Amino acid sequence: MTTLDDLRKKLPSQTQVIFDAFWEQLPSAEKKNFLELVQAFPSKTNLLQLLLKLGSNQLKMMFGDKTQIAIIGPANVGKSTLYNQFIQQKEDRAVVSPLPGTTRVVQVADAGLFAVVDTPGADAIGEVGEKERSAALQAAADADILIIVYDAIQGIKVTELDLFQQVVAMHKPYVVVLNKCDLVPKDLASILAHAAKLLNLDKEQIIPISAKTGNHISDLLKAIVIAEPGIVAALGQALPEYRWQLAWRAIASASSVSAAIALTPLPIIDFLPLVITQSVMVLSIARIYNYKITPSRARELVVSFGLGFLGRTLFYELSKFGGVPGWIVSAGVAVSMTVAMGYAAATWFEKGERLTQESLRVLSKNLSKNIVASLKKAGSSKPGKRKLQTMVTEILANSKLGLDRTLMESASEEIALEESPDL
Ligand SMILES: Nc1nc2c(ncn2[C@@H]2O[C@H](COP(=O)(O)OP(=O)(O)OP(=O)(O)O)[C@@H](O)[C@H]2O)c(=O)[nH]1
Ligand SMILES: [Mg+2]
């Protein structure tokens, strides 16, 4: 688990001072929120990026223009490669090449929560070099946070120290990165120690990464996030959405298993394996919401929601209408029960609120109608288990419900999600 201190240590001391000043002013309730959020930071880069993306609206609301993060450093250290790790749109990709001096002008792109700025190498000599150097320094002066990149193999040349000092003198939050660590055969520690000594930093304050493989980019992202505490506040607000999107993945995968279970025996849904599948899902959702629960308690929770009974009632209700193959009704009911259970669990873990039987009933009814309609559209002949699982995963992956939790709330208030099937 990441602690605040782990993250704080990654910041150079000047940036720690900025963070500490912010921390002192924070009321204790806010401090608590902040700590909880930091602990919930995922260690996988792609998940952290999802969180950053979700936080971008909050940040815009709070600060108007986006925070700009400039990547600066000598030529050929991998600045543009790192920039490409942050961008959201493929069209924004920067050109990368083994030739020093590839990037000639400053470029800016959207990186979700912040805007990222790629700059030309700031160590070039000659007339063109001078121009590029001042463009890079100007970009640094215009940015809110700086990432200073060096090459782990080339090391830090004495001539590059001057650049570092100039950047530090700007008194902005910054982080220092040693790139191309994938090429370091061994003894990364001594390379880090050497760089730290030159820059007058602690070893922990230099973040070793590989911009090419993406390794340890998440450490860098976390350091950036706490270097600008405003970002953490924005992330705090985005966290519920982020958790819901993750929970939705767990729900989609458990639902596809539930659908396969519902295929046999037909036409009566076998509820015991469903309870097991849903209990496993509830455990993963609990993990996402940082809620401690044992497997047996998860199972009790599933049973206590009484979805088995609800499912049976729904099944008979939907079968009565005829015209829909039995397997579609079974799968539709099993999936909607699992989705409803996932939503009920997420609501419980997040807010401590228990959905009422009535809202669960309305929610699962609306969901099953929609899932039955989507399955009907997807194919008329009864598929094998695996095919059905793929179909259900696709239906749920494309559903807007996974992006926006509030749609679930309206679904449990008897508002049709999409057009209802004519049952
Ligand atoms: N092995 C390895 N190669 C890298 C890494 N990052 C960048 N490179 C390579 O290093 C070379 C330079 O990368 P760029 O991203 O163009 O470097 P830059 O700092 O933008 O260079 P300029 O624009 O010339 O200042 C390219 O051949 C990259 O593929 C890394 O983490 N590992
Ligand atoms: Mg470049």
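**Whole chain.** This is a predicted model, in which local features need pLDDT of at least 70 and side-chain atom pairs count only at pLDDT 80 or more, whereas totals for chains, interfaces and linings use all residues. Residues are numbered from 1 along each chain as its sequence is written, and chains are lettered from A and ligands numbered from 1 in the order in which they are written.

Display the C-alpha trace, which spans about 85 × 45 × 45 Å along its principal axes. The protein has 17 helices and six strands (DSSP runs numbered from the N terminus: H or I of at least four residues for helices, E of at least two for strands). Of its 423 residues, 45% count as buried, a term that requires 20 or more other C-beta atoms within 10 Å of a residue's own; 12 or fewer make it exposed, and values in between partly exposed, with C-beta atoms placed from the backbone.

**Two domains.** Select 4-227 as domain 1 and 238-411 as domain 2; such bounds come from an automatic or database domain assignment. Their centres, taken over C-alpha atoms, are 42 Å apart. Seven residues of domain 1 are in contact with six of domain 2, contact meaning that the C-beta atoms, placed from the backbone, lie within 7 Å. On the domain 1 side, helix H3 (28-40) and helix H4 (45-63) each give two or more residues, and H4 gives the most, with five. That side has five nonpolar, two polar and no charged residues (nonpolar: Ala, Val, Leu, Ile, Met, Phe, Trp, Tyr, Cys and Pro; charged: Asp, Glu, Lys and Arg; polar: the others, Gly among them).

**Helix H7.** Next, select residues 158-168, where Glu160, Leu163, Phe164 and Val167 are buried. These residues lie on the same side of H7 because they cover an arc of only 100 degrees around the axis, as given by the directions from the helix axis to the C-beta atoms. Val158, Thr159, Asp162 and Gln165, on the other side of H7, are exposed.

**Helices H13 and H14.** Finally, select 307-320 and 326-351, two helices that pack at about 145 degrees with axes 10 Å apart (lines fitted to C-alpha atoms over the stretch in contact, with angles from 0 to 180 degrees between N-to-C directions). Residues making the contact include Leu314 and Phe315 of H13 and Val333 and Met337 of H14. By class, the contact has nine nonpolar, four polar and no charged residues.

Methods: Contact = placed C-beta atoms within 7 Å.
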